[in-house]
Each structure stands twice: as structure tokens, then as C-alpha cells.
Amino acid sequence: MLLDAPHRLLRAADTPTPEPGPGEVQVDVRACGVCRTDLHVVDGALPNPKLPLVLGHEIVGTVARVGAGVDRFTTGQRVGIPWLGWSCGECRYCRAGRENLCDRARFTGYQIDGGYAEYTVADARFAFPLPDGHADLEAAPLLCAGLIGYRSLVAAGDAGRLGLYGFGAAAHIVAQVARYQGRRVFAFTRAGDAEAQLFARHLGVEWAGASDALPPEPLDAAIVFAPVGGLVPAALRAVAKGGTVVCAGIHMSDIPSFPYDILWGERVVRSVANLTRKDGEEFLALAPRVPVRTEIEPYPLERANEALGRLRAGKVRGACVLQI
Ligand SMILES: [Zn+2]
Ligand SMILES: [Zn+2]
């Protein structure tokens, strides 16, 4: 499914099967998650995508062929391909273990063709071996919603009372991990979204309410998954002194001005950008221990536009996953 230009629908196309170069693997794609970042690319909120582009950065598949010099994977092995597709290894960020901030990083389904396809090619160093325990479709959301959700949870520190703003694919995974770690979780959804609030409670969240409501007690940290800048001051009002508000999305509408009062008391606002391979290794080892159960809506590849539309309309419970 090809994106020819922003603001267009994806189109089914027959293209040559991509060949693995040195250091790359060719992957027979089985499943690919549909992430909000895909919508940001389609909507032109992320500048200069490769065009035409194959979206998709929550890829589960099996290695079909290995390129020269690859000893990390063998044919037939199940792998996951995430958003971070390449980093330079040389810049000050890469050398400091912060490859998520690499100046020259390249991202899957944005600058590199991704997984809305039958085959894709990936740099073997940035693909993960996938443990058993999750079927292909259920494993796909772990690769971005799970991974970047996990990085956001780490950024929230050891907060015992955790708020999650926007209860979509990432939050439904993070809630389970946070509960496993013994934290108390509070979920914030669109006002009146009783279904999302019920879903949150079903996953062990102790309180679920509207995003403009205050929780029953102050929080120690909050993660804002929804791409809505107005939620940042709302979350600041909900966290106690010393609390952290983590913005987890790659794109967000403008944050409205707010009184210094709600930042005072050593409250922190920060973002989380991308992922490192270390995040992936940690999270993929943790997920089966929780165990994280992902709620998915499967769609055949050729109905990718419909899946994106469901996500845009806020109708998805858990995550949409393309089945290939
Ligand atoms: Zn770098
Ligand atoms: Zn994503």
C-alpha cells in the first residue's frame, strides 16, 4: 500500500520485491501495526517523508533472506522491526547511548519503506528477535505502542500514582506494565467516552475519567499520549509537587500558555523521542513476564485506509493491525 503524497489515500500497488543489501534482512511481513505516527505522516505533520512511501513501523515477520555479512539472524527466524531504522553510531548522541536522538537517524515507514507490504528490508542491527508468547498480530503493537510507551514509563520515574492521558494503543499496554510494577494507574479519556473508560478499568486502572477532570488524588507523574497540547497544562494541574509530565507523541498541537503556578514546585514537563535498541531489548524481555495482552482489531492489508480512518476517528479499542 503506497502513499504517493501527503493528504492522499494509500493505493494498492505491485512493486518489485525489495532485495536485501549488505547488512540487511529481507522480511516476509506477517503483521504490521497501525500507529498514530502513520496518520501524522499521511496528514503532512511530519515533513519530508520518502515518497512514494510504504508506511508502517510495527512490523512482525520472518526473515526470508539475509544480506552479506548478517550473522544476527537466520532464514525463517521471527523478527520485529521498529521505528528506529538506522542511526549513525558516530554523533555525540549515538556515542552517549542516546541513538534515539541521533542527528542523522532514519525511521521506518517514514524515511525507509515500512511494513504495509508483503515484503520489506531492514538493517539487521536495528531489528529485534521476537520471543514466543505473542502471536504475530498481537506482537505488532509491542513494537511502537509498547516500546515507546515503555520509554515514556521509564521517563516518568518511580511514580507510584501514574496518569495516562489518551487511552489508545500505547496506554493500554503501559497500564498493564505499570500495574505489574505495582503502580496505581489513572486513565484520562475524551469526556463522555464511557467505552474507553470501561476498557481502562478492565485493564486494572483504578480510576478513569474525562481529560479535563482532576483525579481523586494528585498524581506523581502523567504520560500524555494524545497529540493534544491542551492536555499538558491539564496534566500539570493533576500532578503533585516534584511530578513529571511526559509527552510521548512525535507531534502535538500547540500547548496553550499556562500560569507558572502549575509548573512551580519542581514539576517537570518533558518529551520522549523515538527509541533506542536497549529500550527494545528491555521491553521485549519484560512484555512476556507481565504478561502484556494486546487488544487488536485486525484488517487485511488492502483495507489499510479503513484502519487509518478508524484510528483518526478515535474508534479503536487497543490497536489496529494489518494482517498480511
Ligand atoms: Zn548518530
Ligand atoms: Zn509508532
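This is a predicted model: local features need pLDDT of at least 70, side-chain atom pairs count only at pLDDT 80 or more; totals for chains, interfaces and linings use all residues.
Residues are numbered from 1 along each chain as its sequence is written, chains are lettered from A and ligands numbered from 1 in the order in which they are written, and side-chain values use heavy atoms, with hydrogens and water left out.

**Exercise 1.** Find the donors of the zinc ion (ligand 1) and name their arrangement.

Solution. 
- Step 1: Donors are N, O and S atoms within 2.8 Å of the metal (3.2 Å for Na, K and Ca); water is not among the atoms, so sites may look incomplete.
- Step 2: The SG atoms of Cys 88, Cys 91, Cys 94 and Cys 102 lie 2.3 to 2.4 Å from the zinc ion (ligand 1).
- Step 3: In sequence these donor residues follow the spacing C-x2-C-x2-C-x7-C.
- Step 4: Four donors count as tetrahedral if all angles lie between 85 and 135 degrees. The angles here are 104 to 116°, so the arrangement is tetrahedral.

**Exercise 2.** Describe the site of the zinc ion (ligand 2) and the places of Cys 35 and His 57.

Solution. 
- Step 1: Cys 35 (SG), His 57 (NE2) and Cys 144 (SG) coordinate the zinc ion (ligand 2) at 2.0 to 2.2 Å.
- Step 2: Helices (H or I, at least four residues) and strands (E, at least two) are DSSP runs, numbered from the N terminus.
- Step 3: Cys 35 sits in the loop between β1 (24-34) and α1 (36-42), and His 57 in the loop between α1 and β2 (59-66), so the pair ties together parts that are 22 residues apart in sequence.
- Step 4: Buried means under 20% relative accessible area, exposed over 50%, partly exposed in between (1.4 Å probe, protein chains only). Cys 35 has 13% relative accessibility and therefore counts as buried; His 57, at 1%, is buried as well.

**Exercise 3.** Examine the backbone at Asn 48 and at Pro 52.

Solution. 
- Step 1: Most residues other than glycine have a negative phi, and most peptide bonds are trans.
- Step 2: Asn 48 has a positive phi, near 50°. Asn 48 belongs to the loop between α1 and β2 and is exposed, with a relative accessible area of 67%.
- Step 3: Pro 52 is also found in the loop between α1 and β2. The peptide bond from Leu 51 to Pro 52 is cis, with omega near -10°.

Definitions and conventions:
Four donors count as tetrahedral if all angles lie between 85 and 135 degrees; four count as square planar and six as octahedral if opposite donors are over 155 degrees apart and all others between 65 and 115; anything else is irregular.
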